[in-house]
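Here's a quick briefing to read alongside the structure. Have the viewer open, and we'll go chain by chain.

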Amino acid sequence: MIEELLPNVDWEEMIEATYETLYMTGISIVATFILGIVLGLVLFLTSKGNIWENRPVNVVISAFVNIFRSIPFIILIVLLIPFTRAVMGSMIGENAALPALIIGAAPFYARMVEIGLREIDKGVIEASRSMGATINTIIWKVLIPESLPALISGITVTAIALVGYTAMAGVIGAGGLGNLAYLDGYQRGQNDVTLIATIIILLIVFIIQIIGDFFTTKLDKR
Amino acid sequence: MITLSQISKSFRTGLAQGGLIKAVDNVSMKIDQGEIFGIIGYSGAGKSTLIRMLNGLETPTDGSVMVAGREISKIKGTELRKARQEISMIFQHFNLLWSRTVSDNIAFPLEIAGVSKTEAKKRVNELIKLVGLEGREDAYPSQLSGGQKQRVGIARALANNPKVLLCDEATSALDPQTTDSILELLVDINKRLGLTIVLITHEMHVIRKICHRVAVMESGQVVEQGPVLDVFRNPAQPITKRFVQQVTEPEETKETIEHLLERFPEGRVIQLTFVGESTESPLITQLVRSFKLDVNIVQGRISQTQHGSYGTLFIHIDGAQAEMDQAIQYIKEQQVGVEVISHD
């Protein structure tokens, strides 16, 4: 029955491609989460009136974030080819997609982290300072816990964008569902392959959204 | 315990002209161990900046700040952080961590000080009892009322056994009844722990209720300071008079007096000020018995302060001129402040 409806779908290939997509998305979410929080913290802490107020550092990081956030992802991949070759040694395969995915998503997420941190009541930071907290303590015990719902909902949005990015990276040889849909689906005119790949991508997106929403609500005690 | 010597603090305004605003201007004061010291002023008077210089959240442009034997205005880094554990602070908007329960909020300064988990737990339980929050240990701040939040703030501030407690408009966001219960808690803590308390406020009610001494601030300067009763008795500056009126003269008094002055152009309206023991002597009875006068009580109020009571009474007297003069002389002899309010 299924074979008749979807004559061209090779399920083994499909599972393999799903795995590749999940792998690229998973690794880049983790890296983006860490890098984005670090960048976001530096952006926040060096901004005017904050603990590390430092205009030059803030301007440089801000410019870096804005530039990489603005370049369309498909162009960013192309621009980063020499860098990717140098770091990963190849342009083919899931790992080759990672540098572009992370560099494309981390600045985007860093801005969301910064916005989340700015929403923390300044008085709470002042109170922590008045108790003799070190910057380290303020970061780990005040800034991150107090902005956690925003950090989680931000990474959810970023993760969904990343799923889309992996599909684009797939087109230029990174593997995964995007690659399958483009090569086997589009170029060979097998619409059923494209359809199934799309459905799987949608499922991945829905699952990410559900997990993200669950944690955002659970963690928010405001 | 606290000595401020000629401290000033200027802020650069955002304008291109590079204008400077003097938030605090050459302030000196001494606050003793175990004292409750109040600083009153309208918003923008510089009191917030002043109190923040006591724990180094702001550094003075000039002058020195000594608290508990440390020169707060000089020290930095670890030493300043250590000092801050002995100078805690509570805030108008409580500034609790919403992500932590009541217990965990109170435990936060203990974590900062590196107290072991078991010891911290014991201390948190003591503090919860001290501020009367039994049963609310596992609640989150969003589930508490304003008064309960401030109790958490106080417990948190007391966690590391500080020597000084700074109160930044600690009751300004609370309703009158809750304000009183928080003020009572502060007095209780002051008596029980011998803690020095410095508070800033714009409400004379707070000063009257708990402070031993008061400083009045206006545009960055301390224009008047002294024991609360003295300031209530003889407010020297116009701004101080206005603050004292907040608690002694209800709004309607002025209208009542004007009305009386109109109705009895003959007599005199007199404001009597009683301080301490004189509030208990039967002055009016004496007045009516000894002089041929009609005495009419217009308005009166007695306020309790930490060092005795303070009261004002407005009366209208009518009779022969000489009789009235003698009566006023008599009142003066009773150590009661007299002020004849005239037509104007």
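Of the 222 residues in chain A, 40% count as buried. This is a predicted model, so keep that in mind throughout. Chain A has ten helices and zero strands, while chain B comes to twelve helices and 14 strands.

**Chain A overall**

- Reading from the N terminus, the elements of chain A go α-α-α-α-α-α-α-α-α-α.
- Taken along the principal axes, the C-alpha atoms of chain A fill a box of roughly 70 × 40 × 25 Å.
- If you look at contacts in chain A between residues at least 6 apart in sequence, 71% of them join residues at least 24 apart.
- An unreviewed UniProt entry annotates residues 18–212 of chain A as "domain: ABC transmembrane type-1".
- That span, residues 18–212 of chain A, is 86% helix and 0% strand, and its end C-alpha atoms lie 20 Å apart.

**A helix pair in chain A**

- Two packed helices are described by the angle between their axes and the distance between the axes.
- Helix H2 (residues 11–45) and helix H9 (residues 176–187) of chain A pack at about 135 degrees, with axes 6 Å apart.
- Angles over 145 degrees would count as roughly antiparallel and those from 65 to 115 as roughly perpendicular, so H2(A) and H9(A) are oblique to each other.
- On the H2(A) side, the contact is made by A:Glu13, A:Met14, A:Ala17, A:Thr18, A:Glu20, A:Thr21 and A:Met24.
- H9(A) brings A:Gly176, A:Leu177, A:Asn179 and A:Leu180 to that contact.
- By class, the residues of the contact between H2(A) and H9(A) split into five nonpolar, four polar and two charged.

**Helix H7 of chain A and what covers it**

- Which residues of helix H7 (residues 122–130) of chain A are buried? They are A:Val124, A:Ala127, A:Ser128, A:Arg129 and A:Ser130.
- The cover over the buried residues of H7(A) includes helix H8 (135–174) of chain A, along with H2 and E6 of chain B.
- After H7(A) comes A:Gly132, with a positive phi near 90 degrees.

**Where the chains touch**

- The contact takes 20 residues from chain B and 19 residues from chain A.
- On the chain B side, helix H2 (77–84), E6 and H3 each supply at least two residues.
- H3(B) gives the largest share of that side, four residues.
- Sorted by class, the side of chain B that touches chain A has nine nonpolar, seven polar and four charged residues.

**Chain B overall**

- Chain B has 344 residues, of which 41% count as buried.
- Its C-alpha trace spans about 80 × 55 × 35 Å along the principal axes.
- Of the contacts in chain B with a separation of 6 or more, 67% come from residues 24 or more positions apart.

**A four-stranded sheet in chain B**

- Strands of a sheet pair through backbone hydrogen bonds, either parallel or antiparallel.
- One open sheet in chain B has four strands in the order E12-E13-E11-E14, with antiparallel pairing.
- The edges are strand E12 (294–305) and strand E14 (337–341) of chain B, each pairing on one side only.
- On average, neighbouring strands of this sheet are turned by 15 degrees against each other, ignoring direction.
- Inside chain B, strand E11 (residues 268–275) and strand E13 (residues 308–318) pair in the antiparallel sense over eight bridges.
- To find that pairing on screen, go to B:Val269, whose bridge partner in E13(B) is B:His316.
- Helix H12 (residues 321–333) of chain B packs on the sheet and touches E11, E13 and E14 of chain B.
- The direction of H12 makes about 150 degrees with that of E14(B).

**Two asparagines in chain B with positive phi**

- B:Asn26 has a positive phi, near 55 degrees, and is a residue other than glycine.
- B:Asn26 lies in strand E2 (residues 20–31) of chain B.
- Is B:Asn26 buried or partly exposed? It counts as partly exposed because it has 14 C-beta neighbours inside 10 Å, and buried takes 20 or more.
- B:Asn95 also isn't a glycine, and its phi is positive at about 55 degrees.
- You'll find B:Asn95 in the loop between strand E6 (87–91) and helix H3 (102–113) of chain B.
- B:Asn95 has 23 other C-beta atoms within 10 Å, so it is buried.

Conventions: Residues numbered from 1 in each chain as written. Chains lettered and ligands numbered in written order. Predicted model: local features only at pLDDT ≥ 70, side-chain atom pairs only at ≥ 80, totals over all residues. Buried ≥ 20, exposed ≤ 12 C-beta atoms within 10 Å, placed from the backbone. Pairing = 2+ DSSP bridges. Axes fitted to C-alpha atoms, helices over the stretch in contact; angles between N-to-C directions. Contact = placed C-beta atoms within 7 Å. UniProt positions renumbered as here; feature names shortened; annotations may be inferred. Nonpolar A, V, L, I, M, F, W, Y, C, P; charged D, E, K, R; others polar. Parallel < 35°, antiparallel > 145°, perpendicular 65-115°, else oblique.
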